[in-house]
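This report covers aromatic ring pairs and helix packing. The sequence and the structure come first.

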Amino acid sequence: MLYAITIPLLIIAIAAMLITDCIRRRRKLEKYVRESFGKKRAHPSEPLERLEAVQTFYEYEKKNIPEVTLVDDITWNDLDMDTIFALADHTDSFAGESYLYSKLHDLSTSSEELERFEEKITYFDENETKRSQVRKSLCLLGKPYVSYDYPLFIDSIESHRLKNAWVYYLLLGLLVLSAAAAAVFRTPAAAFACLMIYLFNMTVHIIKKSTMDIKIRAIFNICKTLGTAVNVSDHTKQLSKQTAPDIESVRTVSKRAIALGLKRAGENSDEVSMLSAYLLGPFMLDFIRYDKTVTALCSKKAECMRIFKYLGEIDCAVSTASYRRSLKDCCVPQLTDGSSFMFGRLVHPAIPNAVPNDFEFRRGVIITGSNASGKSTFIKAAAINLILAQTIHTCTTESAVVARCGVITSMAVKDDVFSGESYYIREIKYLKRMTELCSQGRLLFLAIDEILKGTNTKERIAASKAILEYFSKQHCMLMAATHDLELAKAFDKTYDNYHFSEVIGTQDVCFDYELHKGISNSSNAIKLLSTIGFPKQIIDMAQSEAEKDTI
């Protein structure tokens, strides 16, 4: 009697705990979705911790991006675009995060594609209900490391088919037949035969399981991704018309994530995992389900890749809407086919409380100014915003008119001990790639910081003049920062001159970080030595030598 009462109560208690936990997790998710939109990420460096995995899709897509429209590794590193990516990354899934990272490298997006992307951004910004529904699905998909290999796994799906799959069907059939025979004949021989087949199947399953777990997990995540895309499409039919045929074609296979999910249910529980291995393993059901799923995916490779990009773009659009709300000032840029650009109140997106500057590019620009005055930061801010404008259709400015262009830089040059290349060798290689890309016809924005500073003054000035003269006649928009006032004066009629300046006090040097027209007439190198505490005799000698040179 006691057992009759206790067992039902125990079952009810367990069910109540499961239901309560499910409700708690659902409420936690709803709260996160509601409160996180438009807010700066609590841990903005988190995407950088999984950067190697995030890069997978970009490396897969890179071969399809024309070199002249690619934000290459040199430019990406010069501008510290990993940090910009991390700041703009408000995505909820691995698909969106992978898509955003790749998108920020690709400046070949057409105006029509950007308009469609903007339509999605606006839709999710204005429709909180739909946005929340989509984000819940994306959050449940999440960012497990194994999922980032989705493009590679789909691309090579044929190689993941189960070898000799018929063996597992045979073992299942033998086990079922032996169990039926044992039930019908009820003889020791039949029972013994069933037991032997059961143990043999269990041994085969345990041996094969060690090599199949990762693949089964990957296929589960692929099916889960397809299922998420189906859910997102159902919530946003007006944004999913182009992908609708692909979505419909994978509805059935996407449901297999549920079946494959049973295999993963016990991953965090040794007891459940062991029970599953002993009771269900000999039936080979997980291997058979895996084989059927892979076979179905082999005929839908193209659809699976298009769906991945569709889901990534949706997540990226929601992310961009959130990123815009998190910014103090931002705008949707106007893209043109001209060869100039304009920014109203331009700031660097990674610098808090940055000083804004208005700027209009009409012809090549040379920027002078003393150390730490803001020359390089300003050029980087312009280059970054040219990239953001053409990728996520967003600028950290009040207004922007942007020419469609490639972006190439030579700014953070370093020598390479391992290759034996000096600073100067690497710098001229960076500049040479600019000359090569300029010959391909597309408008380019070129950013150069301290041109040819890796060599002696006489040759630096001569070579720099030749390079600036060459680029002035190419189809490009050049911005160069330099300490060489002679260069700025030599090209006063060819390039526009701007400068940054400072206020030198008795104890320190203060910068206003405001862009001024004309050539700088100040320097602060010796004053900075004094400010950080160099010995007085060094300061006096340096000042004396500087005064001699000006006489």
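Buried means under 20% relative accessible area, exposed means over 50%, and partly exposed lies in between (1.4 Å probe, protein chains only).

## Basis

This is a predicted model, in which local features need pLDDT of at least 70 and side-chain atom pairs count only at pLDDT 80 or more, while totals for chains, interfaces and linings use all residues. Residues are numbered from 1 along each chain as its sequence is written, and side-chain values use heavy atoms, with hydrogens and water left out.

## Aromatic pairs

Rings of Phe, Tyr and Trp (its six-membered ring) pair if their centres lie within 6.5 Å; planes under 30 degrees apart count as stacked, over 60 as edge-to-face and the rest as tilted. By this rule there are 21 aromatic pairs. In one of them, the ring centres of Tyr-123 and Phe-124 are 5.3 Å apart and the planes stand at 80 degrees, so this pair is edge-to-face. Tyr-123 is buried, at a relative accessible area of 13%, and Phe-124 is buried too, at 0%.

Phe-341 and Phe-361 make a stacked pair, with 5.1 Å from centre to centre and 10 degrees between the planes. Phe-341 belongs to strand β2 (residues 341-346) and Phe-361 to strand β3 (residues 357-361), so the pair ties together parts that are 20 residues apart in sequence. Both Phe-341 and Phe-361 are buried. One aromatic cluster is formed by Phe-341, Phe-343, Phe-359, Phe-361, Phe-378, Phe-445, Tyr-498 and Phe-500.

## Helix conventions

Helices (H or I, at least four residues) and strands (E, at least two) are DSSP runs, numbered from the N terminus. Axes are lines fitted to C-alpha atoms, for helices over the stretch in contact, and angles run from 0 to 180 degrees between N-to-C directions. Angles under 35 degrees count as roughly parallel, over 145 as roughly antiparallel, 65 to 115 as roughly perpendicular and the rest as oblique. Contact means heavy atoms within 4.5 Å.

## Helices α11 and α17

Helix α11 (residues 188-235) packs on helix α17 (residues 301-326) at about 55 degrees, with the axes 10 Å apart. The two helices α11 and α17 are therefore oblique to each other. On the α11 side the contact is made by Thr-225, Leu-226, Thr-228, Ala-229, Val-232 and Ser-233, and on the α17 side by Cys-304, Ile-307, Tyr-310, Leu-311 and Ile-314.

## Helices α19 and α20

The axes of helix α19 (residues 423-438) and helix α20 (residues 457-472) come within 11 Å and cross at roughly 20 degrees. Helices α19 and α20 are therefore roughly parallel to each other. Leu-431, Met-434, Thr-435 and Cys-438 of α19 meet Ile-467, Tyr-470 and Phe-471 of α20 in this contact.
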